[in-house]
Amino acid sequence: MFDILIINGTVITVDQEHNIYQPGFVAIKADKIAALGHMYELPAELEAAKIIDAKNHVVMPGLVDGHGHAGHCLIKTLAESSDGPDGGWWGQMAEDIYFRYTDEFFWQAEGALAAAERLKFGITTGVSMLGSTPRPDHLGNLEAHFNGAIKTGIRQISGLGACDGPWPKKPRIWRNGQAVETTLTPQQMVANTEESVKKFNGLHKRQICLPMPGNLGIDTNYPEDREFAIWKNREMGRIAQEYNLPLHTHIQGGGVQFVYDTTPEILGPHTSLTHSTALSQREIEIFAETGAVLMHGPTTRSNIRARCPVYEVLRAGGEVVIVTDGTAPDRSYDIWRDMKIFQVLHRAHENDSMLAPAGRVLEMCTIRPAKAFDLDKKIGTLEEGKQADLILVNVRQPHLAPFGPMPVQRLVYHAQGQDVDTVIIDGQLVMEERKLLLVNEEAILDDAEGAYNELADRLGSEMMAALTDAKGIYDLRAQQMANPYKR
Ligand SMILES: [Zn+2]
């Protein structure tokens with residue numbers, strides 16, 4: 001007797017043999033895949049508590065989004081045109097909002113909203129850094145974020161770590177509408193990062209807490225002392241090692257070399273480095289030598305400012321995965337969109353339409369990121385004995401029909417997030433017919449609106465006007481927004 005039996009679907013396993021069962025079945029017992037295969041292999045007398053007829057659906061592994069930011073769903077589009085020849089100030093805004101104008105309700109409401117968005121696009125495992133660079137002063141914020149996310153049913157990987165300067169940081173804690181001024185030192189930052197891992201990792205079976213410094217290498221916004229940067233990186237690496245956890249962070253060209261020269265022990269297959277733009281030839285080789293994973297967000301701003309040498313790293317033997325870096329100021333968690341943009345960007349750069357084939361791209365959003373977070377034995381492919389972590393995609397729609405031959409290409413080129421209609425995580429039905437089952441989606445949307453309005457009140461009408469004052473959006477080039485932080 002199985003708990004859930006999915007029949008008649010096009011089962012794309014993304015396993016090592018690239019098996020596709022068309023039509024096929026997946027049988028789930030408790031939280032695991034008990035059997036799968038072609039429909040003609042399905043024993044006639046098989047029984048299940050629930051049968052899902054997946055005719056006109058693809059059944060595939062849940063998508064893994066290896067990088068995003070908790071908080072961003074409630075500040076998206078704000079200061080969207082803050083970049084320009086005088087330098088951008090979006091990062092300054094994000095730091096200011098996250099460190100000085102948010103309360104626990106903000107983090108809880110955002111955590112739920114982000115998880116709901118990801119689930120509805122078929123992302124069953126999402127990685128979130130708490131803040132733009134992490135805000136590590138008050139563990140209640142991370143707890144609230146986890147509480148918001150976990151109740152939706154998603155597998156949530158989140159964390160704190162070293163934040164950008166300048167030091168000491170001056171975070172504010174809001175209670176009952178009142179702000180309390182505090183001070184954060186680098187020593188507290190490290191202690192709190194370690195404490196967060198102790199307190200939250202594994203608290204729920206789908207709750208994973210990692211050290212996630214905002215940057216390894218020397219902080220580009222607030223240049224630090226070299227010895228300070230080495231100390232900070234070593235401490236982040238120590239926490240990852242002591243608690244046997246992956247390490248996840250942003251990095252830019254120069255940073256990879258710096259880490260390699262000063263703390264090479266923290267680079268390995270469970271270290272994932274997001275953006276990795278403007279790499280030197282030597283840094284490209286370092287990815288291949290150490291096995292560190294390059295996490296590439298094709299729709300992120302970093303990728304506009306400087307190029308990420310994706311194919312150079314791949315050719316050198318390095319590992320690359322696709323991430324959303326959701327969601328502020330200008331992108332969504334629809335990783336299906338990132339798959340397509342990834343293909344176009346790198347094919348255009350290399351003038352080669354054979355690059356980034358659909359199967360490889362699908363792996364870059366499933367099993368390959370799962371491996372970076374040491375989850376590949378559990379998720380990322382559909383195989384007997386693995387966690388039942390899968391999604392159903394409705395292919396009975398004009399943009400996907402007639403569906404049959406070349407199913408992987410059809411999905412990667414043509415499907416989008418809203419085509420996902422069913423999500424199962426650890427054998428638990430989390431979404432059916434695009435309805436979230438464990439949470440009230442209306443309440444999540446109401447909370448998000450409430451938290452946004454409270455944030456706007458705290459920021460004040462003058463600041464909100466500055467952050468939304470975009471000009472020239474119908475012209476050939478938008479104007480850079482006036483910087484409210486310029487003194
Ligand atoms: Zn990021």
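Trainee: How many residues of domain 1 are in contact with domain 2?

Mentor: In this predicted model, 28 residues of domain 1 are in contact with 26 residues of domain 2. The assignment places 2-61 + 383-436 in domain 1 and 63-372 in domain 2. Their C-alpha centres lie 30 Å apart.

Trainee: What area do the two domains bury between them, and on which atoms?

Mentor: Domain 1 and domain 2 bury about 2,200 Å² between them, and carbon and sulfur atoms carry 64% of that area. On the side of domain 1, Val-14, Val-412 and Tyr-413 supply 25% of what is buried against domain 2, more than any other three residues.

Trainee: Now the charged pairs. How many salt bridges are there between domain 1 and domain 2?

Mentor: The general idea is that side chains of opposite charge can pair when their charged atoms come close. Between domain 1 and domain 2 the count is three salt bridges. Elsewhere in the listing, Asp-389 and Arg-155 meet through their side chains in a salt bridge, with 2.5 Å from N to O. As for polar contacts, eleven residue pairs are found across the interface of domain 1 and domain 2.

Trainee: Which elements supply the side of domain 1 that touches domain 2?

Mentor: At least two residues each come from strand 5 (57-61), strand 17 (390-394), helix 13 (407-414), strand 18 (420-425) and strand 19 (428-432). Helix 13 gives the largest share, six residues. By residue class, this side of domain 1 divides into 17 nonpolar, seven polar and four charged.

Trainee: How many salt bridges does the rule count in total, and which parts does the one of Arg-100 tie together?

Mentor: The count comes to 31 salt bridges. In one of them, Arg-100 pairs with Glu-181, the closest N and O atoms being 3.1 Å apart.

Trainee: How is an aromatic pair read, and why is the pair of Trp-89 and Tyr-485 called tilted?

Mentor: Two values describe a pair of aromatic rings: the distance of the centres and the angle of the planes. The search of the whole structure finds seven aromatic pairs. For Trp-89 and Tyr-485 the ring centres are 6.0 Å apart and the planes stand at 55°, so the pair is tilted. This pair links distant parts of the chain, 396 residues apart: Trp-89 is in the loop between strand 7 (69-70) and helix 1 (90-100), and Tyr-485 is in the segment after helix 15 (461-467).

Notes:
Residues are numbered from 1 along each chain as its sequence is written. This is a predicted model: local features need pLDDT of at least 70, side-chain atom pairs count only at pLDDT 80 or more; totals for chains, interfaces and linings use all residues. Side-chain values use heavy atoms; hydrogens and water are left out. Domain bounds come from an automatic or database domain assignment. Contact means heavy atoms within 4.5 Å. Buried area is the accessible area (1.4 Å probe) that two parts lose on being put together, summed over both. A salt bridge is a side-chain nitrogen of Lys or Arg within 4 Å of a carboxyl oxygen of Asp or Glu. A polar contact is a pair of N or O atoms within 3.5 Å; within protein, one must be able to donate a hydrogen and the other to accept it, and residues adjacent in sequence count only if both atoms are side-chain atoms. Helices (H or I, at least four residues) and strands (E, at least two) are DSSP runs, numbered from the N terminus. Ala, Val, Leu, Ile, Met, Phe, Trp, Tyr, Cys and Pro count as nonpolar, Asp, Glu, Lys and Arg as charged, and the others, Gly among them, as polar. Rings of Phe, Tyr and Trp (its six-membered ring) pair if their centres lie within 6.5 Å; planes under 30 degrees apart count as stacked, over 60 as edge-to-face and the rest as tilted.
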